[in-house]
Amino acid sequence: MSDGVVVQSLSHKWERFALRNINLSIPQGSYFVLLGPTGSGKTLLLEAIAGAYSPNEGRIIVCGEDVSKLPPERRRISYAPQNQLLFDNMTVRKNIEFGLHAKGIPEQDRKSRSNHLMDLLGISQLVNRFPRNLSGGERQRVSLARALAVEPRAVLLDEPLSAVDAETKSSILDYLRRVHKETGVTVIHVTHDQLEAASVAERIGVMRNGRMLEVGTPVDFAEKSSPETESIFKSDNLIRGNIIGKEAELALIDTGAGKIIEAITDRTGQVMVHVKPENVIVSKQSVDTSARNRFFGKVIEVTDLGPTIRLRISGDTRITAIVTRRSFFEMQLNIGSDVHVFFKATSVEVL
Amino acid sequence: MRLSPGFPIRFVFVLSLLSGILFFLLFSPVLSLIGTSSLSGLLLALNNSEALSAIALTVYTSGLTALVAVLLGVPLGYLLGKYQFPGRSLIDSIIEIPLMIPHTVAGIALITIFGSAELVGAVFNGYGIKLTNNVLAIVLTLIFVSATYTVKQVEEAIKSLDPKLELVSRSLGASSTFTFVKVTLPNIWRSVVTGAILTWARASSEVGALFIMAYYPAVASILIWNLYAGYGLHESISNGVVLSPGSVNVAALMIFINLAIFIMFKLVQRKREK
């Protein structure tokens, strides 16, 4: 696969912050997520790629062309900032067609391109509305359409889910997946939320303090996170699976080794699933409960978190549970204890 | 109106009292001026060619000043608001000087450079262009005393604009100029209009510097002073010849015309907001 966006030894110093020796190679057409806590420098890296400033050192290469010295308008990289920054003085259509208008594309072509994108993103009904009358999710989709309309070599998305509620989040994630699949554009998506990252990314770059700590697939991070990235990408109960069918409203997710997790979702194909360790119930006996998912395993690690205790349980699949200190002692749990674990289908997040 | 239980009635009463004093000081002279003028006096002023041409000259020159302030002040305000560069705060302070010096001092300062024997004045004089006592001189003077308002308004508007807005536009392939016209300007035009109104209002009120730079042709403020100094407040007619239409009448007329222009601006502004 040819390289879409390459960052070579990029360094830049500000008064109180610096990006240090960042190297990155993002294949053309792939979905890349920059993950890191607030203040890790991910937005600044995104702005360097967009051309907001010229880095002190290093190069940025897009589709084989060194763009380090080019102004933003000649890089063909669309930037969609965190607060969208739609053009308030223009309708939704004018917003989406803005870049095409700037390039002198004839009206007929502009229209057919914007119509197609509005269709793809489900915003056709907003065509003549002004940005001030749109909801957070609608604004985000307009911003996305505006970025895609110019057929850029890459799209930069800064925290695209920051301004929307939980329900809208999953629908926007669906749109992002769909749009990426349809257009095949290279996407660089910035977020601080590891579940969001695991949900859409083909590859993830984890940043902290202006450095790129590690780059890998979501599965890489879920299965063997390093001590350095553990605090940013918590791999607890993040499991790769494949949706193999449906049974009475419940999706059956094959996690390998023949173990099935039941969950509620409309998704199909490859997915990542996540269960909060607080939602896992631990028992010494096998008991009948309403929980759809049950596993058997051995406690292999015990960590004291103060009021709670974290148990890592190895068996059919690796599960982490968090129990209260009181339960831990009453149940006389310890390393090597045999336990049954349960979690409800409704507490499984399908990413 | 029912007051909510949390309404601080005594506090608001004291504030209202103090506000009332200021409001009286601001409004009573205007009201009294209009009251002192008479309908017949206003008609007299309206029929006086000297008064009419002075008022027209004021409207024309201050309008021209506002236009020049927008054409040259928007670029300067943009640069000051957008970029950090060495000497930025020095320039920022320098453009505020005209607002802080007495008007006669401004006139003296202007004459030391635009006077026919002085640095710039002499050069223009060589081409037969005088920079004192003509319309050009009036506009030069008015720009000096009033353009800062436009620059400051634009500068503040640019500062409050998210710099990423222009980055978004340029990342979509729009040039800096296209971005400025289609994205930046529509976001700051309200401040541009406000700056232009302030500049225009300040320009039409100038008299001190004009005494020195352009005593004639007389704008309204100078004519009003001449009428007051020569004939007092009221009209003066001798043997059917109008010696003075009355400084108070010309002044009242000036207020009505300025108010009309101001209201017109506001209406246009409100219409564009819809």
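Q: How many salt bridges does the rule find across the interface of chain B and chain A?
A: In this predicted model, the rule finds two salt bridges across that interface.

Q: Why is the pair Lys164(B) and Glu47(A) called a salt bridge?
A: The closest N and O atoms of Lys164(B) and Glu47(A) are 3.1 Å apart. The cut-off for a Lys or Arg side-chain nitrogen and an Asp or Glu carboxyl oxygen is within 4 Å. Lys164(B) and Glu47(A), at 3.1 Å, therefore form a salt bridge under the 4 Å rule.

Q: What else links chain B and chain A, in terms of polar contact?
A: Four residue pairs are in polar contact across the interface of chain B and chain A, counting pairs with both residues at pLDDT 80 or more.

Q: Which helix of chain B gives the most to the side that touches chain A?
A: That is helix 9 of chain B, with seven residues. Helix 9 (163-171) and helix 10 (176-205) of chain B each supply at least two residues of this side.

Q: What makes up the side of chain B that touches chain A, by residue kind?
A: The residues there divide into eight nonpolar, five polar and four charged. Leu167(B), Ser171(B) and Leu172(B) supply 34% of the area that chain B buries against chain A, more than any other three residues.

Q: How much area is buried between chain B and chain A?
A: About 1900 Å² is buried between them, and carbon and sulfur atoms give 68% of it. In the contact, 17 residues of chain B meet 27 residues of chain A.

Q: Which domains does the assignment give for chain A?
A: Chain A has domain 1 (3-223) and domain 2 (238-350). Their C-alpha centres lie 35 Å apart.

Q: How do you know that domain 1 and domain 2 of chain A touch?
A: Their contact takes nine residues from domain 1 and six residues from domain 2. Contact asks for heavy atoms within 4.5 Å, and residues on both sides take part. The two domains bury about 650 Å² between them, 66% of it on carbon and sulfur atoms.

Q: Which residues of domain 1 of chain A lose the most area to domain 2 of chain A?
A: They are Leu195(A), Val219(A) and Ala222(A), together 54% of what that side buries.

Q: How many salt bridges are counted between domain 1 and domain 2 of chain A?
A: The count is zero. The rule also finds zero residue pairs in polar contact there, with both residues at pLDDT 80 or more.

Notes: Residues numbered from 1 in each chain as written. Chains lettered and ligands numbered in written order. Predicted model: local features only at pLDDT ≥ 70, side-chain atom pairs only at ≥ 80, totals over all residues. Heavy atoms only, no water. Domains from an automatic or database assignment. Buried area = accessible area lost by both parts, 1.4 Å probe. Polar contact = N/O pair within 3.5 Å; in protein donor to acceptor, adjacent residues only side chain to side chain. Helix = DSSP H or I, 4+ residues; strand = E, 2+ residues; numbered from the N terminus. Nonpolar A, V, L, I, M, F, W, Y, C, P; charged D, E, K, R; others polar.
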